[in-house]
Amino acid sequence: MREMHCATCQAEMPFESLPYDEDGDELVCTGCGTAVVTAPITVRLLMRQPAGAGIAPQQRRAAA
Ligand SMILES: [Zn+2]
């Protein structure tokens with residue numbers, strides 16, 4: 001739980017992380033339920049690249 005400014009409530013509101021969000025960078029306003037992502041979008045994109053390359057069909061076929 002952490003306090004942040006909610007654009008919908010237009011006030012400082014307590015935010016709590018989603019139970020299914022392992023990274024904990026996605027928070028939901030306890031006042032209106034608006035979800036916000038605290039991590040920069042560039043960081044999320046960079047973190048996705050290795051996982052996407054690892055499950056490429058061509059790489060799987062070459063390894064088998
Ligand atoms: Zn809110």
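Let's start with strand 3, residues 26–29, where the side chains alternate. Leu27 and Cys29 point to one face and are buried.

Quick word on terms. Buried means 20 or more other C-beta atoms within 10 Å of the residue's own; exposed means 12 or fewer; partly exposed is in between, with C-beta atoms placed from the backbone. Strands are DSSP runs of E, at least two residues, numbered from the N terminus.

Also, this is a predicted model: local features need pLDDT of at least 70, side-chain atom pairs count only at pLDDT 80 or more, and totals for chains, interfaces and linings use all residues. Residues are numbered from 1 along each chain as its sequence is written.

Now the partners of strand 3. Pairing here requires at least two DSSP bridges between two strands. Strand 2, residues 11–17, runs antiparallel to strand 3, and three bridges join them. Ser17 has Leu27 as its bridge partner in strand 3. On to strand 4, residues 35–37: strand 3 pairs with strand 4 in the antiparallel sense, over three bridges. There, Glu26 stands opposite Val37.

What sits between strand 3 and strand 4? Five residues, in a hairpin where Gly33 takes a positive phi near 85°. Thr34 lies in that loop as well. Is Thr34 buried or partly exposed? Partly exposed, because Thr34 has 14 C-beta neighbours inside 10 Å. Leave aside neighbours within four places in sequence, and Thr34 is in contact with Cys6, Thr8 and Cys29. Contact means C-beta atoms, placed from the backbone, within 7 Å. Cys9 is 25 residues from Thr34 in sequence, yet the two are 9.2 Å apart in space, C-alpha to C-alpha.

Next, the other end. Strand 1 pairs with strand 2, antiparallel, over five bridges. His5 has Glu12 as its bridge partner in strand 2. Their hairpin has four residues between the strands, and Gln10 takes a positive phi near 55°. Strand 1 is hardly covered: of its five residues, the count of buried ones is zero.

Notes
Contact = placed C-beta atoms within 7 Å.
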